[in-house]
Amino acid sequence: MITRVEPSGIILKDICEIQTEKCVAKDSPAAITAVWYSPGRKQVNVCRSCLDEMVRRGEWEVKGARLSLRPDITIFDAEGKIKLIVEVKKIPLTETSAQLRRATEIRRNLLAHSAIRNTPFFLIAFPDNFYLWKEETPDRDNKSADYHFNAKNTIKGYAEKHHIFPEEMSPQELELLVSDWLKDLVNSQGSEDTLEWATTSGLYDAIKDGSVAMNVALPEISHSLVI
Ligand SMILES: [Zn+2]
């Protein structure tokens with residue numbers, strides 16, 4: 001369920017009430033913005049970092065706001081064009097069907113940003129399942145993923161390399177493992193099943209010899225959502 005929020009325009013110095021792992025106003029007061037929840041217009045004070053994070057998680061939809069998006073991982077091709085945007089989510093959903101639904105929801109919310117809409121590929125990476133969309137036809141925001149990759153063993157393998165225990169890894173560690181996997185893919189060094197999967201979807205050809213960047217800010221785009 002996505003909550004619609006509306007920035008009040010009020011900026012103050014306070015503790016953030018949302019406190020995601022990316023929070024910048026957790027323990028000491030920093031710049032926060034007051035947003036209104038709908039329905040009921042309940043006010044909540046949130047730092048910019050958490051506001052972005054809540055939108056990226058697909059939990060909030062922001063009315064009439066300008067957001068600078070920082071996808072977890074962005075892949076550019078050799079010419080510097082964005083080919084793939086990756087959102088890494090360490091979510092506690094165990095059922096594949098629930099993960100698929102959640103992935104669709106997260107993507108639909110992010111498509112409100114046209115920078116993401118123009119990306120040829122979009123990937124949501126959960127700890128054990130990856131979902132890939134090939135953005136061939138626009139305006140299919142509710143579409144389920146085109147390709148699914150069972151990533152359990154892949155993540156396990158990369159975790160071992162980094163001496164990370166998959167059961168205890170942090171969201172940042174999962175991002176690191178997924179970006180390692182993508183770096184190998186870009187350099188044609190992935191495992192056989194990875195390469196086969198990426199070739200079938202066309203992803204492999206699109207990102208081959210490209211570059212992998214983490215937390216790069218995309219251009220700000222003013223966005224207004226249809227209510
Ligand atoms: Zn915060």
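1. Thr3 has Trp60 as its bridge partner in E4. This is a contact in a predicted model. The two strands involved, E1 and E4, run parallel and share 3 bridges.

2. On to the other pairing of E1. Strand E1 covers residues 3–14, strand E2 covers residues 30–37, and the two pair in the antiparallel sense. Their pairing counts 7 bridges. Val5 is placed opposite Tyr37 of E2.

3. What is the strand order in the sheet? The order reads E3-E2-E1-E4. The sheet is open, has 4 strands and is mixed in its pairing. Strand E3 (43–47) and strand E4 (60–62) are the edge strands. Each has a single partner strand, so one side of each lacks a neighbour in the sheet. From one strand to the next, the twist averages 50°.

4. Next, the helix. H1 spans residues 48–56 and lies across E1, E2, E3 and E4. Relative to E3, helix H1 runs at about 105°.

5. Cys16 and Cys50 link distant parts of the chain, 34 residues apart. Cys16 belongs to the loop between E1 and E2, while Cys50 belongs to helix H1.

6. Are these two cysteines buried or exposed? Cys16 has a relative accessible area of 2%. Cys50 has a relative accessible area of 0%. The cut-off for buried is under 20%. Cys16 is therefore buried, and Cys50 is therefore buried.

7. To recap the points worth checking on screen: E1 pairs with E2 in the antiparallel sense and with E4 in the parallel sense.

Notes:
Residues numbered from 1 in each chain as written. Predicted model: local features only at pLDDT ≥ 70, side-chain atom pairs only at ≥ 80, totals over all residues. Heavy atoms only, no water. Pairing = 2+ DSSP bridges. Axes fitted to C-alpha atoms, helices over the stretch in contact; angles between N-to-C directions. Contact = heavy atoms within 4.5 Å. Buried < 20%, exposed > 50% of the residue type's maximum accessible area, 1.4 Å probe, protein only.
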